[in-house]
Amino acid sequence: SPELVSVKEKKDYESLKSEFPQTKFVFGEDGLVEVAVYHRSDIVVSAVIGSVGLYPTLKAIQEKKDIAIANKETLVTAGHLVMDAAKEHGVRLLPVDSEHSAIFQALQGEQEKNIEKLIITASGGSFRDLTREQLQHVTVEQALNHPNWSMGAKITIDSASMMNKGLEVIEAHWLFNMPYDKISVLMHKESIIHSMVQFHDGSVMAQLGTPDMRVPISYALMYPDRLRNESTERLDLARIATLHFQEMSFERFPCLQYAFDAGKLGGTMPTVLNAANEEAVALFLKGNITFLDIERLIYQAMERHHVIKQPDLETIQQIDLQTRKSIQSFVK
């Protein structure tokens, strides 16, 4: 019995409001904002897919609501605006992604000055064992078959291309105020260690657990407490016995390199990276382009873009729209 629900399309709004008269329904971007600033909430879980989450999240911050951030694209496209707003309004950004939650948990009681490196782990996605040549003819169905996690289509494709990890690198840069040369990515196929922090005394703090998103979600919602959950599978290291790690190849996963490049360039380049990826993934899911075309389109969009430093919200939104149109024109 939710009090307020926002849907994307007006037709859904029309049908649902008659079916559930006890609930108030709204729709579109205005509806997202109305939910984000709802007066009876004290924490907002920003979990919509894509850059559509940016504006409602900023409005929620302005209303002094803590943000459980699960929408990577909000920080990727406008990290400087989001972090400045959070600081101005005294709002906490609590990470929901398993990797950022792991880093957040490992940093409890620690000082930023003692951090030497953030180590973000990656399962490798659906095609982690395939060569570049074998990727030429992979299908949408194969790409959606993730070995460890059950996720939505867009995130699963991003995991296969490693763009998801690239977006997480940019997100970690903003969440933990960490330069890119102090963030690394490590292949870890079992998804047991969710991420690690290395300190300058040589210590490494890792957060471990079975692949279960209920854990980081509940930690963000209950922080600084923890929710007792008997249904979560307990980690049995004796049964697992062995964990595997390998260095991440930027040649094998160029999207990860593009994300590091975009993050270091800053300004509007991460917006271009994200918008190009969103459009390219959508085209792949529709069967209009091949899997490797995703990275080619992202590269072309970034090559053609001239970075605007310290963009305001309107500029970011304009660049986002222009990039999406350019991806469509490339394909045509």
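Helix α9 covers residues 214–222, and its buried residues pack against strands β3 (43–46), β4 (66–69) and β5 (93–95), and against helix α5 (98–106). Those buried residues are P216, S218, Y219 and A220. Here, buried means under 20% relative accessible area, exposed means over 50%, and partly exposed is in between, with a 1.4 Å probe and protein chains only. Packing rests on contact, meaning heavy atoms within 4.5 Å. Helices (H or I, at least four residues) and strands (E, at least two) are DSSP runs, numbered from the N terminus.

A word on what we are looking at. This is a predicted model, where local features need pLDDT of at least 70, side-chain atom pairs count only at pLDDT 80 or more, and totals for chains, interfaces and linings use all residues. Residues are numbered from 1 along each chain as its sequence is written, and side-chain values use heavy atoms, with hydrogens and water left out.

Now the whole protein. There are 14 helices and 10 strands. The radius of gyration is 20 Å, close to the 20 Å that the globule rule gives for 332 residues, so the protein is as compact as a globular protein of that length. That radius is taken over C-alpha atoms, and the rule is 2.2 Å times the number of residues to the power 0.38. Along the principal axes, the C-alpha atoms fill a box of roughly 55 × 50 × 40 Å. Of the 332 residues, 49% count as buried. Take the contacts between residues at least 6 apart in sequence: 68% of them join residues at least 24 apart.

Next, the core. What has the most contacts inside the largest nonpolar core? The residues are L118, L273, F291, I294 and I298, in a core of 79 residues. Helix α12 (residues 269–285) gives the most to this core, with eight residues. A nonpolar core is a set of buried Ala, Val, Leu, Ile, Met, Phe, Trp, Tyr and Cys residues joined through side-chain atoms within 4.5 Å.

Last, V331, in helix α14 (residues 313–331). V331 counts as partly exposed because its relative accessibility is 34%. Not counting residues up to four places away in sequence, V331 touches L283, I289 and L297. From V331 to E168 is 163 residues in sequence and 27 Å in space, C-alpha to C-alpha.
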